[in-house]
Amino acid sequence: MEMRLPTPEQLERAYEVDMKTAFPPSELKPLENIQAMCQDGCYRPWCLFDGEELAGECFLWLGKPGWSLLDYLCVSAHRRNDGLGSLILSELLKMEAGTVILGECEAPIHAEDPALAERRLGFYARNQARMAGYDTELFGVHYKTLYWAAEPVPDDELIKQHQFIYKNRFPADKYEQFIQIPRDPAAAPSPQVPWDES
């Protein structure tokens with residue numbers, strides 16, 4: 001097994017075969033956006049290969065030096081239940097040593113499948129994730145905020161770097177309309193809007 005950056009063709013295959021089946025439209029960026037972000041140098045689409053076969057992916061959205069956001073983590077459908085999710089995360093942490101990696105995991109309280117959301121949070125907790133003290137809402141989806149770092153990081157610094165990643169990519173009007181970092185804990189969720197319709 002080897003973690004490496006894919007060729008453009010491998011990236012397209014990972015998106016079409018793995019990502020589209022694993023993520024709902026409200027959570028999945030269009031492939032064209034991911035390709036453009038890679039070309040802009042603000043995105044690293046790490047892929048786990050078993051020989052030349054794709055086994056899974058973890059895509060990083062880059063912020064300021066030393067900061068990034070785990071945008072997607074996915075195990076190929078035919079390789080699930082083999083412990084590859086944990087392997088992908090451990091390899092990612094090696095490849096990105098010294099980087100604070102933010103994460104977003106759907107909040108069980110507003111999830112369509114609360115039990116699945118709880119299992120995902122448990123998976124991240126077992127794989128060295130720390131829980132931040134604030135939630136986010138992105139395009140109508142409520143997320144718990146996680147992060148990976150050698151030491152605890154204050155929430156105000158996490159929020160500042162989290163905001164930077166989104167503000168650096170979205171026009172101010174879209175950011176104001178669709179992105180809440182941090183999310184108001186007393187607010188009801190906004191209607192969900194797919195990335196490509198926002």
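The points below cover the basis of the model, the sheet, the helices across the sheet and the cysteines.

1. This is a predicted model, in which local features need pLDDT of at least 70 and side-chain atom pairs count only at pLDDT 80 or more, while totals for chains, interfaces and linings use all residues. Residues are numbered from 1 along each chain as its sequence is written, and side-chain values use heavy atoms, with hydrogens and water left out.

2. The order 1-2-3-4-5-7-6-8 describes an open sheet of 8 strands with mixed pairing. Strand 1 (2-4) and strand 8 (179-180) are the edge strands, each pairing on one side only. Strands (E, at least two residues) and helices (H or I, at least four) are DSSP runs numbered from the N terminus, and two strands pair if DSSP finds at least two bridges between them.

3. Strand 6 (residues 130-138) and strand 7 (residues 141-148) run antiparallel and are joined by 6 bridges. Arginine 130 stands opposite tyrosine 147 in strand 7.

4. Helix 2 (residues 31-40) lies across strands 2, 3 and 4, at about 105° to strand 2. Helix 5 (residues 155-167) lies across several strands, including strand 6, to which it runs at about 35°. Axes are lines fitted to C-alpha atoms, for helices over the stretch in contact, and angles run from 0 to 180 degrees between N-to-C directions; contact means heavy atoms within 4.5 Å.

5. A search of the whole structure finds 0 disulfides, a disulfide being a pair of cysteine sulfur atoms within 2.5 Å. Cysteine 58 has its closest cysteine sulfur, in cysteine 47, at 7.9 Å, too far for a bond.
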